[in-house]
Amino acid sequence: MKKKSVLPVLILAGIVIFFYLPLVVLVVNSFNASRVSSVWGGFSLKWYERLFSDQNLLRSVKNTVLVTGISVLCSTVLGSLAGISIARFKSRLQKVHSVFIALPLIMPDILIGISLLLFFISFRIRLSLLTIIIGHITFCVSYVASTVQARFQNFDFSLIEAAQDLGAGKGQILWKIYLPLLAPGILSGAMLAMTLSLDDFIISFFTAGPGASTLPIQIYSMIRHGSPPVINALSTLFIAFTFIVLLFYQRISRRLNNEN
Amino acid sequence: MKDFLVFEGISKSFGDVEVIKDLNLSIEQGEVFSLLGPSGCGKTTLLRICGGFEEPDAGRVLLNGRDILSLPSHKRPVNTVFQNYALFPHMTVSENITFGLKVSRRGMSAGEIRKELDRALDLIQMKDYAGSRPAELSGGQKQRVAIARAVINKPQLLLLDEPLAALDLKLRQKMLLELDQIHDEVGITFLFVTHDQGEAMSLSDRIAVMNMGRIEQVGTPSQVYESPKSSFSAAFIGDTNFFDCRVHSLSEDGQYSLLDIDGLPPARCYNDQKHQAGEHINLSLRPEKIRISRTRPSENEGLNVFRGVVEEKSYLGAFSKYWVRCGEWLIVVLDAHRHFLLDRNPPEWEDEVWLSWHQDDGFMLLKYREQDEALLTNPDDKFARMEQDTQPGMLVDQDGDEA
């Protein structure tokens with residue numbers, strides 16, 4: 001019999017430790033009564049209590065929910081339409097369009113942030129939550145558009161012709177053919193947009209007005225002058241939230257894929 | 001009604017390639033009309049123009065006297081059965097079939113739609129599959145759903161784009177019968193595109209043979225087969241032997257002509273296209289029109305006789321196929337077995353035989369154009385492989401006219 005090599009197991013263990021040990025440390029420490037992370041001071045929920053009484057923090061959570069919610073919604077709609085039109089129409093204009101859509105994917109965030117800031121200032125647009133949302137939409141659209149476009153790889157455009165042939169107008173084709181068939185792509189695009197918008201720091205930092213800080217900005221300032229254990233508690237909740245969303249996403253996308 | 005669907009001076013180019021060249025065609029109401037030709041001849045483009053998926057560079061399409069080119073495809077009283085069926089994968093069979101009724105806002109109630117659906121499911125005999133998704137259906141079933149989805153809208157014209165190409169031979173023959181029945185029941189005009197002459201012949205009332213964006217001939221299947229008007233028609237529909245020859249002289253009334261064929265005795269042939277003496281033409285002879293015998297056929301007015309040697313023979317049950325060497329020509333002959341064969345001592349390999357054919361059975365046709373030949377034998381033709389199982393040797397036998 002062939003001897004089983006232990007090397008793959010070791011590599012796997014190394015990867016798991018490398019990726020997940022920091023998370024475990026973080027989660028464990030959020031329940032640590034001691035302020036110093038290297039000392040176990042007993043189980044405690046006091047950091048969570050502190051977390052929920054911090055008004056600034058709560059406001060930034062609310063801001064983040066607002067920013068992420070609106071920018072995901074807008075960029076999903078815009079990005080899906082962009083993805084459809086780029087894949088459907090092979091005109092020269094759409095080629096230009098696809099280049100412009102892809103640009104933010106490779107452009108450094110800091111460039112996007114600075115240029116947005118300069119743009120807002122030169123047009124005398126007051127920095128606020130709205131400017132953050134606009135900033136987030138500009139780069140989220142690209143991610144949604146490219147995942148939707150990927151869904152077109154094996155797309156059978158004779159379905160569109162068939163729908164036209166059977167009397168469906170443009171709106172009906174969008175709702176009854178494109179949307180159900182592209183739903184898995186649109187969903188994963190929206191997920192991607194959500195994670196990107198949720199943890200975006202650089203662009204938010206440049207476009208945020210006074211008092212309009214999002215969660216990442218708040219965490220950053222807390223690390224500088226606040227208490228790290230509260231951040232541990234916050235991050236643990238963040239992780240839990242992400243896992244729940246991921247679970248839902250997998251459920252839904254499996255169902256959508258089965259339908260097609 | 002005559003002139004139900006009329007194509008007037010249609011031209012269409014893709015880039016530098018002229019796919020359809022000033023095409024005129026008229027189709028009657030209620031008939032099954034086939035556009036038959038090799039791939040690349042423009043037949044599918046013509047169909048797509050009719051369905052509203054392509055716009056011609058010039059010309060008009062009249063349906064019932066009304067120009068339909070200005071209508072977008074979803075407003076035309078025309079439905080299409082697509083080559084790959086294009087069933088919506090995310091919908092059930094019922095949802096697919098009723099899609100047209102639901103989106104067209106005809107103000108039908110759910111009950112009426114239900115009734116139409118039941119009737120359509122009956123028509124294609126797929127009641128049990130109403131809730132299935134297309135992925136769960138076989139090719140023939142998908143085909144039937146595609147047809148039901150189109151005819152439920154009661155279009156004035158049904159376009160069928162190679163609807164049987166993706167099915168295997170047995171299923172294709174069965175579906176051909178079903179299509180015929182459906183046509184009888186719904187009475188809609190069918191415009192049928194195919195590269196398969198067998199399909200076209202068995203289903204159509206009339207056929208248009210297309211080649212390189214032009215129509216070579218329009219006629220009933222028997223007209224096109226029995227009286228081809230061009231070398232391309234003769235070669236594309238059925239098997240034929242071609243002989244290069246020169247018109248030696250005409251009979252007094254000009255109806256018949258005497259032909260010089262290299263290495264063969266002069267032959268008399270019916271001259272229906274008014275070829276003149278001295279012209280170089282193609283003589284086309286269908287294999288089944290030639291008689292083969294061991295003995296010299298009795299002298300008979302109007303019979304041409306060649307002498308040759310059987311080079312190859314294959315027994316095919318209902319008939320035998322012979323390849324007979326006559327000088328430099330290899331002539332294909334089909335001999336139907338009308339009587340008990342084994343007693344009749346049929347010609348065998350290396351036997352000397354007499355071939356005879358009647359002067360009315362040959363056609364004098366204009367010479368092949370070079371491109372025609374390329375089209376007929378193009379190995380890149382995506383249907384070349386499929387063609388083999390439709391009928392043995394349905395394309396031209398190139399042996400016939402090779403030196």
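The model is predicted: local features require pLDDT of at least 70 and side-chain atom pairs count only at pLDDT 80 or more, whereas totals for chains, interfaces and linings use all residues. Residues are numbered from 1 along each chain as its sequence is written, chains are lettered from A and ligands numbered from 1 in the order in which they are written, and side-chain values use heavy atoms, with hydrogens and water left out. Chain B is divided into domain 1 (3–231) and domain 2 (232–387), the bounds coming from an automatic or database domain assignment.

**Overall architecture of chain B**

- Chain B contains 10 helices and 20 strands; these are DSSP runs, with helices (H or I) of at least four residues and strands (E) of at least two, numbered from the N terminus.
- The C-alpha trace of chain B spans about 75 × 50 × 35 Å along its principal axes.
- Of the 403 residues of chain B, 53% count as buried. Buried means under 20% relative accessible area, exposed means over 50%, and partly exposed lies in between (1.4 Å probe, protein chains only).
- Among contacts in chain B between residues at least 6 apart in sequence, 69% join residues at least 24 apart; a contact means heavy atoms within 4.5 Å.

**Interface between the two domains of chain B**

- The centres of domain 1 of chain B and domain 2 of chain B, taken over C-alpha atoms, are separated by 36 Å. Their contact takes 24 residues from domain 1 of chain B and 28 residues from domain 2 of chain B.
- About 2,300 Å² is buried between domain 1 of chain B and domain 2 of chain B, with carbon and sulfur atoms giving 57% of this area. Buried area is the accessible area (1.4 Å probe) that two parts lose on being put together, summed over both.
- His195(B), Tyr225(B) and Ser231(B) supply 31% of the area that domain 1 of chain B buries against domain 2 of chain B, more than any other three residues.
- Two salt bridges are counted between domain 1 of chain B and domain 2 of chain B. A salt bridge is a side-chain nitrogen of Lys or Arg within 4 Å of a carboxyl oxygen of Asp or Glu.
- Asp272(B) and Lys229(B) are joined through their side chains in a salt bridge (3.7 Å, N to O).
- On the side of domain 1 of chain B that touches domain 2 of chain B, at least two residues each come from helix H6 (197–203), strand E9 (206–211), strand E10 (214–219) and helix H7 (221–226) of chain B.

**Interface between chain B and chain A**

- At this interface, 24 residues of chain B are in contact with 19 residues of chain A.
- Chain B and chain A bury about 1,900 Å² between them, with 58% of it on carbon and sulfur atoms. His74(B), His90(B) and Val103(B) supply 29% of the area that chain B buries against chain A, more than any other three residues.
- One salt bridge is found across the interface of chain B and chain A. Glu161(A) forms a salt bridge with Arg48(B), the closest N and O atoms being 2.7 Å apart.
- Glu161(A), Arg48(B) and Glu54(B) are linked in a network of salt bridges.

**Salt bridges within chain B**

- Over all chains, the structure holds 21 salt bridges.
- Glu116(B) and Lys154(B) meet through their side chains in a salt bridge (3.0 Å, N to O). The partners are 38 residues apart, Glu116(B) lying in helix H3 (residues 110–123) of chain B and Lys154(B) in the loop between H4 and strand E7 (157–161) of chain B.
- Glu116(B) counts as buried, at 13% relative accessibility, whereas Lys154(B) is exposed, with a relative accessible area of 54%.
- Lys313(B) forms a salt bridge with Glu348(B), the closest N and O atoms being 3.1 Å apart. This pair links strand E16 (residues 303–315) of chain B, which holds Lys313(B), to the loop between strand E18 (329–336) and strand E19 (352–358) of chain B, which holds Glu348(B).
- Lys313(B) counts as buried, at 10% relative accessibility, while Glu348(B) counts as partly exposed, at 31%.
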